[in-house]
Amino acid sequence: MENYTILLVDDEEEVIQAIMKKIHWESLGFSVIGYACNGVKALEMVEESQPDVVMTDIKMPYMDGMELAHRIKAEYPATKLLLFTGFDEFEYAKEAVHLEVEEYILKPVNAAELKHVFTQLKVKLDQEISEKRNVEILQKYYMESLPLLQADFYVALIEGRIQEEEIPKYLSDYQLSFPGPFFSCLVIHTSSCQMPADMNPLLLSTSVKKQAKEHLAEKWQAKCFSYLDHTIFIAQLKQASLISELTDECDRFCKYARRMIGAVVTIGVGQVCSKILELAQSYGSAREAVSYRSIYGSSRAINRLEVVPQKVGKSDLANEEDLANLLKIIRLGTQEEVGQAAHKYLDHTFYPEKTLQQYHIDIMELLCALYRFSVNHDITSDDFSGDMRSLYNRLLDLEPEAFAEWLVGICLSFREMIIHVRNSSTKSFVSRAEEYVHQNYGNEALSLDCICEALGVSNSYFSTIFKKEIGSSFISYLTDYRMDRAASLLIETNEKSYMIAKKVGYSDPNYFSYVFKRRFGVSPSKYRTEHAFAVPGDQS
């Protein structure tokens with residue numbers, strides 16, 4: 001394991017140098033990553049490096065050790081704190097028990113005592129890491145995560161992403177049993193258009209899912225999960241002929257849901273299969289059956305084999321897969337790949353043996369999928385901003401070549417808009433942060449917490465994005481901007497340094513001078529003398 005990292009903080013550099021020389025840190029399992037001469041600088045370094053341990057003096061300029069400890073505990077609770085103090089500060093420091101300081105060390109620092117403290121601290125750090133890796137803890141976490149893992153496995157099954165040789169391991173790891181010996185996928189659709197007044201669609205769908213479990217899950221040993229805004233059941237049958245009984249029970253449940261909770265529920269019953277690897281085909285046929293509700297009506301169960309000619313089943317299933325692939329390629333693929341995916345989808349849409357009715361359904365499903373895609377990705381399109389019925393009728397009149405041209409065009413435009421949204425969202429985010437600094441840099445209380453609260457984001461996310469775009473941390477950017485404004489004011493005005501310090505957010509003129517000199521290499525008064533040719537020197 002790598003050494004634990006330490007940051008030393010003391011306004012007396014000779015004290016820090018003595019500590020660094022007295023201890024052979026590597027042999028204790030630690031490494032000193034740097035030191036700071038005050039609490040403000042230390043907090044910047046903690047934000048940048050996030051050390052495992054901070055060892056700090058109490059009395060320091062600008063920000064003392066107690067305030068520094070408070071800030072570190074609030075923002076980086078995993079960091080261990082050590083305070084070394086003079087004798088007159090020791091009792092005061094011990095009162096701060098709520099800071100959970102690891103140790104209080106009296107000055108002058110004794111090498112043997114310091115070695116003992118860090119030896120004990122390493123034992124504690126090692127123990128914490130060991131506990132995190134503890135098998136029992138991991139097992140508990142695994143069991144808590146098991147329902148989610150099982151649902152992910154079911155999704156992978158119906159998406160056809162599981163290989164046959166992987167099945168035994170998944171069943172063992174996720175504690176699953178599929179005795180079968182026959183299976184059928186059920187897609188339960190709850191209408192969000194036809195529902196009781198003032199009812200939340202999500203709550204209604206959740207209620208339907210709960211009721212379906214109570215009525216269907218136990219008898220049919222069904223695995224239940226959510227996928228693409230539907231509730232999915234994987235029902236198990238002792239005989240293939242029981243599919244008719246399953247369909248009838250699903251039909252009765254749809255009518256029960258309408259009568260008892262006012263939900264318009266349609267259940268698509270997929271084809272029977274004898275292997276769980278065939279559930280992707282069963283799911284595809286169940287989803288296809290649900291789409292027939294516009295023809296056969298809602299509040300009923302629709303068995304795919306009862307409404308669709310079997311000779312075109314292969315084409316329809318492939319169409320489902322190709323449509324899902326097309327939407328994926330729009331998000332992730334090149335222009336060429338988008339065109340290829342669109343034409344592959346159309347190869348099955350214009351399948352020669354498909355009835356006109358089936359073709360109409362394919363067009364409806366395509367439009368629904370593209371519309372949901374545009375909404376989910378904040379895409380605006382003229383085609384989808386008007387009357388959808390007009391668009392649907394217009395597409396039905398197109399020849400295959402013209403339809404292909406339209407589909408490729410709309411998919412490519414979606415791709416371009418997604419790329420634009422991705423690029424502009426990050427830039428807009430950072431621009432808003434910069435604008436906030438430009439408007440509020442004179443506020444002494446301006447901090448990372450302030451900007452994150454204003455933007456409505458977490459500190460960690462903001463820091464990562466801001467540094468990636470700007471190249472420095474937010475604190476460094478704020479300090480540099482304040483110093484640039486101060487430099488301009490020194491040259492362009494006759495105001496005294498302490499007034500300029502207040503204008504750029506520093507109530508302490510001494511600390512302002514310290515930060516200014518660190519940035520420009522000279523004091524504010526000397527900077528004015530060297531640069532402000534037409535302005536009299538600072539009289540402060």
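Reader: Where do D173 and K169 lie?
Author: Both are in helix 8 (residues 167-173), four residues apart, about one turn of the helix; helices here are DSSP runs of H or I with at least four residues, strands are E runs of at least two, and both are numbered from the N terminus. This is a predicted model, in which local features need pLDDT of at least 70 and side-chain atom pairs count only at pLDDT 80 or more, while totals for chains, interfaces and linings use all residues. Residues are numbered from 1 along each chain as its sequence is written, and side-chain values use heavy atoms, with hydrogens and water left out.

Reader: And what does D173 form with K169?
Author: A salt bridge, with the closest N and O atoms 2.6 Å apart; the term stands for a side-chain nitrogen of Lys or Arg within 4 Å of a carboxyl oxygen of Asp or Glu. D173 is partly exposed at 30% relative accessibility, and K169 is exposed at 57%, where buried means under 20% relative accessible area, exposed over 50% and partly exposed in between, with a 1.4 Å probe and protein chains only.

Reader: How many salt bridges does a search of the whole structure find?
Author: The search finds 15. Among them, D126 and K122 meet at 2.8 Å, N to O, and these two residues are four apart in helix 6, so about one helical turn separates them.

Reader: Which residue forms a salt bridge with E245?
Author: K219 does, with the closest N and O atoms 2.6 Å apart. That pair links distant parts of the chain, since E245 is in helix 10 (residues 243-261) and K219 is in the loop between helix 9 (201-217) and strand 7 (223-227), 26 residues apart. K219 and E245 also belong to a network of salt bridges with E249.

Reader: Changing topic, how many disulfides turn up in the whole structure?
Author: Zero disulfides are found, a disulfide being a pair of cysteine sulfur atoms within 2.5 Å.

Reader: Last one: what is the strand order in the open sheet of five strands?
Author: The order is 2-1-3-4-5, with parallel pairing, and two strands pair if DSSP finds at least two bridges between them. At the edges are strand 2 (30-36) and strand 5 (103-106), each pairing on one side only.
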